[in-house]
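User: I am new to this kind of model. Could you walk me through it, one feature at a time?

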Amino acid sequence: MPALKVERVSKAFGGLLALAEVDLEVAPGERRAVIGPNGAGKSTLFKIIAGELQPTRGRVYLQGRPVSGLPQERVARMGLARTFQKSTAFGELTVWENVALAWKAARGQERDFLNPLVPEEEVRAVLERVALLPRAEEKAGNLSHGEKRQLEIAMALVQKPQVLLLDEPLAGLSGAERERMGCLIRELDRNTTVLLVEHDLDYALAFADRVAVLHYGQIVAEGTPEAIRENPVVQEIYVGKPEEAPRGNLDSSASRPKVLEAVGISAGYGSMRVLHQVSLEVNQGEVVALLGRNGMGKTTLMSTLMGLLPLQKGEVRLEGRPLGLLPPYARAELGLALVPQGRQMFEGLTVEKELRMAAWGRKGTWTMERVLDVFPRLGERLKTPSRALSGGEQQMVAIARALLRNPRIVLMDEPTEGLSPLMVRQVAEVVRALKAEGETVLLAEQNVKMALSVADRVYILEHGEIVWEGRPQEATGAILHRYLGL
Amino acid sequence: MALLLLIQLLNSLAFGMLLFLLALGLSLIFGVARVVNLAHGAFYLLGAYLGLALTQALGSFWVSLLLVPLLVGLLGVSVERLLLRGLHGRELEQVLLTIGLGFVLADLLRAWFGASIRSVPPPAELSGPLILGPLIYPKYPLFVLATGLLLFLLVRLILARTPFGIQVRAVTTDPAMASSLGIRPTRVSLATFGLGSALAGLGGVVGAPLIALAPGLDAQMTLFALIVVVIGGLGRIEGAFFGALLVGFVDGFGRLFFPQVAMFLIFALMALVLALRPEGLLGRRGT
Amino acid sequence: MMGWLPQVVRLRKIHPGVLALRASLIGFLLLPLAFKGYFLYLATEAALLGLAAVALSFLLGHGGIPSLGQAAFLGLGGYAVGLAIREGLPLGLGLLLAPVVAGAYGILSGLFVFRTQGIFVLMLTLAFGQMVYSAAYKWTSLTGGDDGLSLSQLSVNPVFLHVGAVSALAVAISILRYLLRTPYGKTFEAIRQSEEKARSLGIAAFWHKLLAYTVAAALTGLAGGGLALHRTFVSPHDLFWLTSVVLMVMVLLGGSRGLWGGAFGAILYTFIQAWVSSFTELWGLFVGLLLIFTVLFAREGLWPILERRLGGGNAGP
């Protein structure tokens, strides 16, 4: 009997289908990795298994017993433990109290009101195992990010689960910490079935017995790590079809003025450091692409540049002027424009309103007429609510919004995410057209092929650091596979 | 009997429109500034007393109808700027601050205007009855009704057509993205607070001839406004409109047919909506 | 034994300064016994309201539950005692009924309240509180309506009542503080910090919070019953949301964590209010300013500041 069985699970959020007929069977003691690009549905799948979300269709079975439909606390009681992507320990309680509570809860004793909470032997043992014993009396909120992740694992382990869901356990960890955490996970009890979601593909493939690949909410491949590595479909999802050398552009940008410069940026969420000493620059009239698998920090970098996320170290300069901690609207006024990941259309506004709102108060060559010239489809849809448009059309609105601000530089965050191949080509056309008009673009993309076909220069981000920089022609197959492939 | 029902209907509608004026302000303030302003009823009372004083001083109801909302709106803007700005993001504390403010305001009004019940006569042009066949109905409540309707349409227009209105809607839905497009959320927030408070003040001037002024009225009106907004949906003006009508009806007909339980029913309705459909009857799910 | 965690299992060491501070709070409450009269009256009032404030402090400071409907429990307790007396039942039974009735309403309203979070909890508890208020106000045959319920035929020895009140307060603080050290209490705090995480560990947060809410309601009901005996009068006005706000002011003023703050806030408030009303009717102005002041400048409350000063910086809850 499989330890975990997901049977034809589908999940729809309104009109959006996040998961489509997902089937999964994990044998007892197996190590299964679930990989896939951003938006593929991995975290939705986890949430459904854990009971945080209910499937629209389909069922989940834990040790043969149906759990879909049960609240997550019941599912947890039945032998499932999970770690979260964002460390969620109880910050005001001490480390040992956190683990002790998890232990008590696992044994159904969390309502004990007669005896004070004391650290039992089991708690001590687990803390020792994750190397947190010296920090046992520290308040969990004071731990470093790495230590918080260790605590997260400790709280899961002490529950002695039958099935363990690990949601990106290595996220935000530095080299040595990744090593430690990686070892810890590898040494987990073989009696425990482990389901792992990780963006560190090397680790995931080394760790797993079997791998499942999710794309657009469907399992597109399943098998041993070797088989997955060879699988051409999977290759294409990550790296794109092997093709003729990307065209790029040949003229040198050496003499162009710098528009945007990032110097030694470190940023993250709370104590979690995502970006480490990132430096890059974008010159006038260039299209610069930022590549990297998801989870590597592309969106974090874009958010930091726009001021949506505070900088922890380093500086961002627009045309030489340091932006400090200016809020997004101030940066927008100075000439930064963002085409955000996910498009972010406003509820209840028509296309026309969105565009007029963006254009309000900004003068320049990009007028409504000119924008509608470039995007004729939008002209037909002016009175339609922006949220009712297709993904591709929404992307056009998002780009148009940015252009109407007549910016000094356009930041595009994963514009092709979730779009059909046809729309992807259209977006590429738009970017080329922008370049022809002399606009400056910083493009964060997961679609390597598309990015290489439009960029003048390329940066590659891995684990929050710039690991490669150069021209598209220089980005050989070997380099691409090393950083972006499997 | 039918006549009685008709009269009660008109009464309920008029009261409902008054509630709408209040609830609209509260709803806007919550939608944009994310503050549950429990001093709203005190702003109403302030508007009412100010209206009374100004009308007596200046001799014109219409002038004070124009001036009072402006003054109360200014107060709202100052409150947001000076007191609430520092508590950004801390919902509970903001609510408590507004409660405190409401108490202060109410007591200051009581000190200045006295604790006795004041009934305010409607302006000469609007006093007296309207006679339509067998129906004899006072003119003033009809004026209140008309004002409410007018404002509903006006505010809807502002929100739908003007740049300010669009910015308000953008900031309500997605403040981060709005900021990325150059909209200053704080500025919009300030303006909305001013507008919302002005509406409460307007409600006070308009409502004074309808509901006698007395200490404690502020708490009552705050509660009513809160109920309407909860039932109709926080942040949506259609919700405030229909919610106000609903509450007006329940209150009006409740008083007539079930006087003992009318109050209880209204709170029970509020509780039910909050527990089962917290986004309100007309609200949309999600933040 | 567990040599590796020295402090924990041994008797909790409380700094002598803090111990002295807490003792003096109780001492202050017992002082009026020597003076009787109005001072004693106020002190009993403070002790009883303190009990309600401590219950709210437990809910708000430790469970993150912002209840603006505690007046309902206070009033229900008062009416339970009042009606029991009117029907000729023994006093003890009345005092037993008070927490029971209040606790029952706690369960009933809690079933709805804990389906929501955050600001909605505030509004929902307000609504439920007002429901009881309107019932008390309108159901004149039962409650006497606006005229209230008079218990003047009863005469309870004020000293007896006072000692009872202070003991109840002290006992409640001790029990609740102990509770906060047990798995139940720690889980309660954990739910406040991250309900999502707690549920993923198998904790049924809904029922956990409901239980705490009921206990707090019962304690508040007991306080209300005591108040009925103390004032020999119960009126619907006690149930108006104003009273809930006053309780919240006490908790915020004194400090919402640690429970002692609640008692301190109640004492502070009661005496200051008595003093202020002796020369002005503008009691609402005073409460409002106090609330604004507390929110802006003394968010943690005054008691923790005192404990820190006297405890050399090592006074935890």
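Analyst: Start with pairing. Two strands pair if DSSP finds at least two bridges between them. Now the case here, in a predicted model. Strand 4 of chain A and strand 5 (residues 65–66) of chain A run antiparallel and are joined by two bridges. Y61(A) stands opposite P66(A) in strand 5 of chain A.

User: How many residues sit between the strands in the hairpin of strand 4 and strand 5 of chain A?

Analyst: Two residues lie between them. Q63(A) takes a positive phi there, near 50°.

User: Which other strand is joined to strand 4 of chain A, and by how many bridges?

Analyst: Strand 1 (residues 4–13) of chain A is joined to strand 4 (residues 57–62) of chain A by five bridges. These strands run antiparallel too. One facing pair is E7(A) and R59(A), the latter in strand 4 of chain A.

User: Next, sheets. What is the strand order in the open sheet of chain A?

Analyst: The six strands come as 6-7-8-3-9-10, and their pairing is mixed. An edge strand pairs on one side only; here the edges are strand 6 (80–83) and strand 10 (218–223) of chain A. Ignoring direction, neighbouring strands are turned by 20° against each other on average.

User: In which sense do strand 6 and strand 7 of chain A pair?

Analyst: The sense is parallel, over four bridges, with strand 7 of chain A covering residues 163–167. T83(A) faces L166(A) in strand 7 of chain A.

User: Which helix lies across strand 6 and strand 7 of chain A?

Analyst: Helix 5 (residues 145–157) of chain A does. The angle gives the direction: helix 5 runs at about 180° to strand 6 of chain A.

User: On to whole chains. How many helices and strands does chain C have?

Analyst: Chain C has 15 helices and two strands. Its radius of gyration is 19 Å, close to the 20 Å that the globule rule gives for 317 residues, so chain C is as compact as a globular protein of that length. The C-alpha trace of chain C spans about 65 × 45 × 40 Å along its principal axes. Of its 317 residues, 55% count as buried.

User: What share of the contacts in chain C joins residues at least 24 apart?

Analyst: Take the contacts between residues at least 6 apart in sequence. In chain C, 79% of those join residues at least 24 apart.

User: And what does chain B look like along its sequence?

Analyst: The pattern is α-α-α-α-β-β-α-α-α-α-α-α-α. That comes to eleven helices and two strands. Chain B has a radius of gyration of 19 Å, which agrees with the value near 19 Å for a compact globule of 287 residues. Its C-alpha trace spans about 60 × 45 × 35 Å along the principal axes. In chain B, 56% of the 287 residues count as buried.

User: Is helix 9 of chain C mostly covered or mostly open?

Analyst: Judge a helix by counting its buried residues. Helix 9 (residues 183–193) of chain C is mostly covered, with nine of its eleven residues buried. Among them are Y184(C), F188(C) and I191(C).

User: What covers the buried residues of helix 9 of chain C?

Analyst: The cover includes helix 3 (95–106) of chain A. From chain C it includes helix 3 (37–63), helix 8 (158–179), helix 10 (195–200) and helix 11 (205–231).

User: Now the interfaces. How is their size given?

Analyst: The size of an interface is often given as the accessible area lost when the parts come together. Here, count residues in contact instead. Between chain C and chain B, 28 residues of chain C touch 29 residues of chain B. Helix 6 of chain C supplies the largest share of the chain C side, twelve residues. By class, that side has 20 nonpolar, six polar and two charged residues.

User: How many residues do chain A and chain C bring to their contact?

Analyst: Chain A gives 32 residues and chain C gives 24. On the chain A side, the largest share, seven residues, comes from helix 3 of chain A. That side divides into 16 nonpolar, five polar and eleven charged residues.

User: Last, where does pLDDT stay under 50 in chain C?

Analyst: Residues 1–11 of chain C are such a stretch. Chain C averages a pLDDT of 86, and 94% of its residues score at least 70. The model scores ipTM 0.86 and pTM 0.86.

Note on methods
Residues numbered from 1 in each chain as written. Chains lettered and ligands numbered in written order. Predicted model: local features only at pLDDT ≥ 70, side-chain atom pairs only at ≥ 80, totals over all residues. Contact = placed C-beta atoms within 7 Å. Nonpolar A, V, L, I, M, F, W, Y, C, P; charged D, E, K, R; others polar. Rg over C-alpha atoms; globule rule 2.2 N^0.38 Å. Buried ≥ 20, exposed ≤ 12 C-beta atoms within 10 Å, placed from the backbone. Axes fitted to C-alpha atoms, helices over the stretch in contact; angles between N-to-C directions. pLDDT = per-residue confidence, 0-100.
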